[in-house]
Amino acid sequence: MRTIPILMYHSVADQVDARYKTWAVTPSRFASQMAALSENGYSVFGISTILRRLDAGLPLPQKFVALTFDDGLQDFLIGAFPILEENRFQATLYVVAGRVASSSNWLATLGEGDRPMLRVEEIRDLHFNGIEIGAHSLTHPELDLLNRKACEREIRDSRLVLEDMIGARVSTFAYPHGYASPTTRQLVHEAGYASAVRVRHALSHASENRYGLSRLIVTQKHDPEGLIALLEGKGIPTAPPQDRLAGTCWRIARRIRNRLKPPLTGDGPFMPAGGRI
Ligand SMILES: [Zn+2]
């Protein structure tokens, strides 16, 4: 079975709140990670390029990896994009469509509610410079806790907003907080996306469900050797079987938590310390 390593990043910046550190790497660490990919002969793509090649039966390089960045934070432009460009690497950027040119208000509990988001013209420029733009909802809610109509709107309208922005098709979606249920997966399919990614911290593979692709979490702790070990699957499962029971229990726990104020932060199945994002 051919594995597909899909790496997940969020912020690439030097200064972040201590509570958000799990989700940030510094530009210098990011540069050393990208250098490791280059030196070890990896070809680097956005998600849809890999899936299209698989579907068309076209060959893929012996070593390849997909890079993904969630949220559409402005620090992508400063901390990550120049390094990607220098290495001629592609990537997919999942943008919270309703927060463009605003701030990351959903990160307030992690001390990063005022982090600036990319502006329209910056997203357009990134698209024209080979960065795939994917959708990441309108407002970054826990989709599986919304009613169907609200959920549909988040999934469908984020795509429409971004397509209007870049003048091109948006074909991939990232579940906010990584939360996906059978219903949200179905809605993403019906909205016309070709794929969707979650978190899971596992290697994906060619026959994994296209609407629940597993990703690997890359952190500041991954030095070049650690990153290559991750890609080689050392200590990492390959797309484990569906965790329906664990997922359902965790969803019920979050419903209860959301009725209690203030909200508790906690980790669901397969998540590292540091809370959900
Ligand atoms: Zn996110």
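**Close-up views of a predicted protein model**

**View 1. Surroundings of R215.** Leaving aside neighbours within four places in sequence, R215 is in contact with I6, L7, M8, T68, V197, R198, V199 and R200; two residues are in contact if their C-beta atoms, placed from the backbone, lie within 7 Å. R215 sits in strand β12 (residues 213-217). Helices (H or I, at least four residues) and strands (E, at least two) are DSSP runs, numbered from the N terminus. R215 counts as buried because it has 25 C-beta neighbours inside 10 Å. A residue is buried if 20 or more other C-beta atoms lie within 10 Å of its own, exposed if 12 or fewer, and partly exposed in between, with C-beta atoms placed from the backbone. A202 is 13 residues away from R215 along the chain, and the C-alpha atoms of the two are separated by 5.8 Å.

**View 2. The whole model, for orientation.** This is a predicted model, in which local features need pLDDT of at least 70 and side-chain atom pairs count only at pLDDT 80 or more, while totals for chains, interfaces and linings use all residues. Residues are numbered from 1 along each chain as its sequence is written. The protein has 8 helices and 12 strands. Of its 277 residues, 44% are buried. Among contacts between residues at least 6 apart in sequence, 64% join residues at least 24 apart.

**View 3. Helix α1 against helix α3.** The axes of helix α1 (residues 27-39) and helix α3 (residues 75-87) come within 10 Å and cross at roughly 25°. Axes are lines fitted to C-alpha atoms, for helices over the stretch in contact, and angles run from 0 to 180 degrees between N-to-C directions. The two helices, α1 and α3, are therefore roughly parallel to each other. Angles under 35 degrees count as roughly parallel, over 145 as roughly antiparallel, 65 to 115 as roughly perpendicular and the rest as oblique. The crossing of α1 and α3 is right-handed; a crossing is left-handed if the near helix is turned anticlockwise from the far one by less than a right angle, and right-handed if clockwise. On the α1 side the contact is made by P27, F30, A31, M34 and S38, and on the α3 side by G79, A80, I83 and N87. These residues of α1 and α3 divide into 6 nonpolar, 3 polar and no charged. Ala, Val, Leu, Ile, Met, Phe, Trp, Tyr, Cys and Pro count as nonpolar, Asp, Glu, Lys and Arg as charged, and the others, Gly among them, as polar.

**View 4. Helix α1 against helix α7.** The axes of α1 and helix α7 (residues 224-231) come within 9 Å, crossing at roughly 55°. Helices α1 and α7 are therefore oblique to each other, and their crossing is right-handed. From α1, residues S32, Q33, A35 and A36 meet P224, L227 and I228 of α7. By class, this contact of α1 with α7 has 5 nonpolar, 2 polar and no charged residues.

**View 5. Helix α5 against helix α6.** Helix α5 (residues 148-166) packs with helix α6 (residues 182-190) at an angle of about 45°, the axes being 9 Å apart. This makes α5 and α6 oblique to each other. Their crossing, that of α5 and α6, is right-handed. C151, E152 and I155 of α5 make the contact with T184, L187 and V188 of α6. The contact of α5 with α6 has 4 nonpolar, 1 polar and 1 charged residues.

View 6. R153 lies in helix α5 and is partly exposed, with 15 other C-beta atoms within 10 Å. The C-alpha atoms of R153 and S137, 16 residues apart along the chain, are separated by 8.6 Å. S137 belongs to the loop between β8 and α5 and is buried, with 28 other C-beta atoms within 10 Å. Its phi, that of S137, is near 75°, a positive value in a residue other than glycine. D144 is placed in the loop between β8 (131-135) and α5. With 22 other C-beta atoms within 10 Å, D144 is buried.

**View 7. A101 in its loop.** A101 is found in the loop between β7 (91-95) and α4 (120-128). Although A101 is not a glycine, it has a positive phi of about 65°. A101 is partly exposed, with 14 other C-beta atoms within 10 Å.

**View 8. Residues 261-275.** The protein averages a pLDDT of 89, and 86% of the residues score at least 70. Over residues 261-275 the pLDDT is below 50, and beyond near neighbours in sequence this stretch has 21 contacts in the model. The pLDDT is the predictor's confidence in each residue, from 0 to 100. Where pLDDT is low, the predicted coordinates should not be read in detail.
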